[in-house]
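Q: Got a model open here and want to go through a few spots in it. Can you take my questions as they come?

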Amino acid sequence: MLRVQVRVTPGSRRETLEWDGSRLRAWVRAVAREGEANAALLALVAHRLGIGQHQVRIVHGATAREKVLALEGLTLEEIQRRLSRGS
């Protein structure tokens with residue numbers, strides 16, 4: 001299981017996921033209230049990487065902007081490839 005750092009910006013005007021060279025950057029429209037932004041983050045990551053939501057979970061930082069995600073079935077190179085081609 002791959003662990004990846006992600007910095008989340010809730011309440012954004014856009015929903016996107018990018019690789020910045022050392023971690024993921026995520027912008028979600030949902031606000032940081034009662035887990036809404038976390039749910040939006042998990043859905044965004046799963047959708048953009050082409051995996052099921054059950055393959056993505058937050059393992060650290062659930063209440064912080066800096067989080068650690070556990071991703072099943074992907075390598076770091078595969079994540080970078082999928083994000084660079086805009087899948």
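Q: What does Asn-38 touch, leaving out residues up to four places away in sequence?
A: Asn-38 touches Ile-58, Ala-62 and Lys-67, where contact means heavy atoms within 4.5 Å. This is a predicted model: local features need pLDDT of at least 70, side-chain atom pairs count only at pLDDT 80 or more, and totals for chains, interfaces and linings use all residues. Numbering runs from 1 along each chain as its sequence is written, and side-chain values use heavy atoms, with hydrogens and water left out.

Q: Which side chain makes a polar contact with the Asn-38 side chain?
A: That of Lys-67, at 3.0 Å. A polar contact is a pair of N or O atoms within 3.5 Å; within protein, one must be able to donate a hydrogen and the other to accept it, and residues adjacent in sequence count only if both atoms are side-chain atoms.

Q: Where does Asn-38 sit?
A: In helix H1, residues 36-49. Helices (H or I, at least four residues) and strands (E, at least two) are DSSP runs, numbered from the N terminus.

Q: Other topic. Where is Glu-34?
A: In the loop between strand E3 (24-27) and H1.

Q: What's its phi?
A: Near 50° for Glu-34, a positive value in a residue other than glycine.

Q: And is Glu-34 buried or exposed?
A: Glu-34 counts as exposed, because its relative accessibility is 77%.

Key:
Buried < 20%, exposed > 50% of the residue type's maximum accessible area, 1.4 Å probe, protein only.
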